[in-house]
Amino acid sequence: QGKEVAILHVHTIKPLDEATILQYAAQVPVIVTIEENTIFGGFGGAVAEIMAEATFDQVKRFKRIGIQDQFPHGYGSQSSQMKSLAITTENLLKTIHRLSA
């Protein structure tokens, strides 16, 4: 779709590999985190803290995709829950395009 992306799979929040996150973040103008958890106090929040204290040569655009500060209503499969919370590939792509425009 005309975008170059890098995917950094971070398998643990504690300890968080800050050096690797900063290494990747330094190379891109847009950073998007996506997680099957709340965006507050989760992985996206931890990355946001790293970005807030980092000193980059250029400004970074940042967005967290995950569960908002709300109780997820409804039941169903993991897939249906992720779709209802907009934790999807489609939303990730749309977010990347919007932030990099």
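The side chain of Lys 60 reaches the backbone oxygen of Ala 25 at 2.9 Å. That side chain also reaches the backbone oxygen of Val 28, at 2.6 Å. Polar contacts here are N or O pairs within 3.5 Å, with one atom able to donate a hydrogen and the other to accept it; residues adjacent in sequence count only if both atoms are side-chain atoms.

The model is predicted: local features need pLDDT of at least 70, side-chain atom pairs need 80 or more, and totals for chains, interfaces and linings use all residues. Numbering runs from 1 along each chain as its sequence is written, and side-chain values use heavy atoms, without hydrogens or water.

Lys 60 sits in the loop between α2 (43–53) and β2. Lys 60 is buried but has no salt bridge; Asp 57, the nearest side chain of opposite charge, is 8.2 Å away. Buried means under 20% relative accessible area, exposed over 50%, and partly exposed in between (1.4 Å probe, protein chains only). A salt bridge puts a side-chain nitrogen of Lys or Arg within 4 Å of a carboxyl oxygen of Asp or Glu.

Glu 35 belongs to strand β1 (residues 30–38). Glu 35 is buried and also lacks a salt bridge, with Arg 64 the nearest opposite charge at 6.9 Å. The Glu 35 side chain does reach the backbone nitrogen of Gly 44, at 2.8 Å.

On the surface, Arg 61, Lys 63, Lys 94 and Arg 98 form a positive patch. Such patches take residues with over 30% relative accessible area and no salt bridge, joining like charges within 9 Å. Both β2 (61–67) and α4 (89–100) supply at least two of the patch residues. Arg 98 lies in α4 and is partly exposed, at 49% relative accessible area.

Methods
Patches are made of residues with over 30% relative accessible area and no salt bridge: like charges are joined within 9 Å, nonpolar side chains (Val, Leu, Ile, Met, Phe, Trp, Tyr) within 5 Å. Accessible areas come from the Shrake-Rupley method with a 1.4 Å probe; for residues, only the protein chains shown count as cover. Lys and Arg count as positive and Asp and Glu as negative; His and the chain ends are not counted. The place of a charge is taken as NZ of Lys, CZ of Arg, CG of Asp or CD of Glu. Helices (H or I, at least four residues) and strands (E, at least two) are DSSP runs, numbered from the N terminus.
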